[in-house]
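Here is a short report on one interface. Look at the sequence and the model first.

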Amino acid sequence: MDVNEIIKPENKVYGKSPVLTDTVMHYCPGCSHGTIHKLIAEVIEEMGIQEKTIGISPVGCAVFAYNYLHIDWQQAAHGRAPALATATKRLYPDKYVFTYQGDGDIAAIGTSETIHACNRGENIVVIFVNNAIYGMTGGQMSPLTLEGQVTATTPYGRRTDLNGYPLKITDLVAQLEGTCYVTRQSVQTAGAVRKAKKAVRKAFENSANGKGTSFIEVVSSCNSGWKLTPVAANKWMEENLFPFYPLGDLKDK
Amino acid sequence: MAEKILLKGNEAIAIAAIRCGCDGYFGYPITPQSEIMETLMDERPWETTGMVVLQSESEVASINMLYGGASCGKKVMTSSSSPGVSLMCEGLSYLAGAELPCLVVNVVRGGPGLGSIQASQADYFQAVKGGGHGDYRLIVLAPASVQEMYDFVDLSFELSFKYRNPAMILADGVIGQMMEKVELREEKRRLTDAEIARLYGSWATTGKPKDRKENVITSLAMDSEVHEKFNLKLVEKYKRINEAEVRFEKIACDDAEHLIVAYGSCARICEKAVELARETGIKVGLLRPITLYPYPSKAIDEMTAQLKDVLVVEMSAGQMVEDVRLAVNGKIPVTHFGRIGGIIPTPEEVVVALKNMIQ
Amino acid sequence: MAMKGAIVVDRERCKGCGVCTANCPVQVVALTKEVNSKGYPMAYMAHPEACTGCTNCATVCPDSVITVYRVKV
């Protein structure tokens, strides 16, 4: 069968979500952010909640997330997204409010806001992109950098005697009464993306049902920061990050 | 006749917030202003007006809750005292940079550091010169009575929405803690979500309807040209504020040869000092700035022709005195008299300082 | 019933990361030798006859540059 006979509008089975803008993303080739943006866009599209969704973007690589989804956005100061989301959701209880944050944002400078928003059980969705490094500032150590991992500020590898231990913030928030759904996902394979999307959908539904805070960690790659090709970075992630940050639901109540 | 009730300054802030249609208060306890949140919690406005009241985990969280709430086009406020406001300065810079309206009440206590819990006016610089980073200004109102504590809540919201800029009420422990009769103004109801979407839908994150483009609240501009243009827009806004919103009060100034400039609780003490000094034949007047930003520089400058000198009285080591010096621009001498550490100057002390200046 | 698929790549937006090629179960998707105006190689169907339209390549594409078509044959 000729390709041109297949490529017809009626045969289209997958394409770019209309919730995504046409702006070319500034992310490096192969960066997980683009994939995660896409699945959030698809969930918003499928749930038909574009008019009721407010996103909060962080400081870090995802600061420009507001350029990529056709929804209203607030861009927060570093680490403070959960505070913005708290007020936004309480003032607009019928809206869907999500934060989009990196590991430095959520687990270093913003630890307090993260813990307390989760502990209050704010009816928000927290999307946490963990690539174990500060991407935008040039690949420095984050709280979630692995022991021995080389970064710009741990050029000889992270030493726990100097830098402490990788902070499993997701395990921590799973202990809090306010969280209803805590899960760890990834997006390096098609199967993983489909699972992660289901998790995002569930989180948005929890928000509508007033069940509390849904917290989704997406273990991700930062191939530039790790100085690997995109495909090699995904492999490194599977071999090194997954054993320490195992995928799956930590809590689902 | 309008209802009058006896209120503490801090309580007046809380009651005024509920009655002027405030949508949300987010705060963290700190002396000497904790009664503001305590009064709100006691009044339970969420059961009447629907106002949200939340005790946050820190002043940093409070100010960022304001950023979120203000982004929604809602009337939001917080209150704190000096060390807490220092923590909020980053957020205030972001709010100003994103052109968001909100109200921050600072019931000032002594500093630097943990300082004291007594009244002070040593946060003047922080309030009117920045505190946070970047070229930004706050609209700053200085109440001198409990009635003004009440009235300035609504006024602050009016001004902050008019100019899309954060406003601050710069009070002090004296005004916060003292009790006076307050006339309750007519109640204003909270705006509905539909009204907010109609009034502020051009910028607020109310949820993107199909027929408008997405609204983005941010203070980020990576392009230098764009960023300069944005800053110049802010400069233009502050110019408009300076032209239209200066507020001050003049007492016994018509024949004055000497002038005292003082704001807030100090102004009340100085009013008494003017009375005492005039009994001894000194022709002295009082100019009380009500807005500290914009500052009544022009009003002070216009008086220099009739004046021999100016005495600036503050509960600080000398902060507002710099703005008075800028206003008179060397035409006449300007002297500062201040008490620090939570000590409130007496009218008699002010008269002595005035006499020393004149000699 | 067999499925026949095909993909269309937005060549100018493709960054040539190769995550799609690694996820193609039938080795249909490969990267071009030539580059686009930004200097990136681009995803393309090296073996269009083998494509089943499974959507894996498009699902993992961070830049949403792949559209997938499928027919039953």
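Which residue in β4(C) is the bridge partner of A:Lys12? The partner is C:Tyr69. This is a predicted model. The bridge belongs to a strand pairing: β1 of chain A, residues 12-14, and β4(C) run antiparallel over two bridges.

**Extent of the contact**

The size of an interface is often given as the accessible area lost when the parts come together. Here, chain C and chain A bury about 2600 Å² between them. Carbon and sulfur atoms give 63% of that area. Three residues, C:Arg13, C:Thr59 and C:Tyr69, supply 22% of what chain C buries against chain A, more than any other three residues.

| Item, chain C with chain A | Value |
|---|---|
| Residues from chain C | 34 residues |
| Residues from chain A | 35 residues |
| Salt bridges | zero salt bridges |
| Polar contact, both at pLDDT 80 or more | 13 residue pairs |

**The chain C side**

Polar contacts join 13 residue pairs across the two chains, both residues at pLDDT 80 or more, while the count of salt bridges is zero. Which elements of chain C give two or more residues to the side that touches chain A? They are β1 (3-9), α1 (19-23), α2 (56-60) and β4 (66-72). The largest share, six residues, comes from β4(C). β4(C) is also the strand that pairs with β1 of chain A.

By residue class, the chain C side divides into 19 nonpolar, nine polar and six charged residues.

Note on methods
Residues numbered from 1 in each chain as written. Chains lettered and ligands numbered in written order. Predicted model: local features only at pLDDT ≥ 70, side-chain atom pairs only at ≥ 80, totals over all residues. Heavy atoms only, no water. Contact = heavy atoms within 4.5 Å. Buried area = accessible area lost by both parts, 1.4 Å probe. Salt bridge = Lys/Arg side-chain N within 4 Å of Asp/Glu carboxyl O. Polar contact = N/O pair within 3.5 Å; in protein donor to acceptor, adjacent residues only side chain to side chain. Helix = DSSP H or I, 4+ residues; strand = E, 2+ residues; numbered from the N terminus. Nonpolar A, V, L, I, M, F, W, Y, C, P; charged D, E, K, R; others polar. Pairing = 2+ DSSP bridges.
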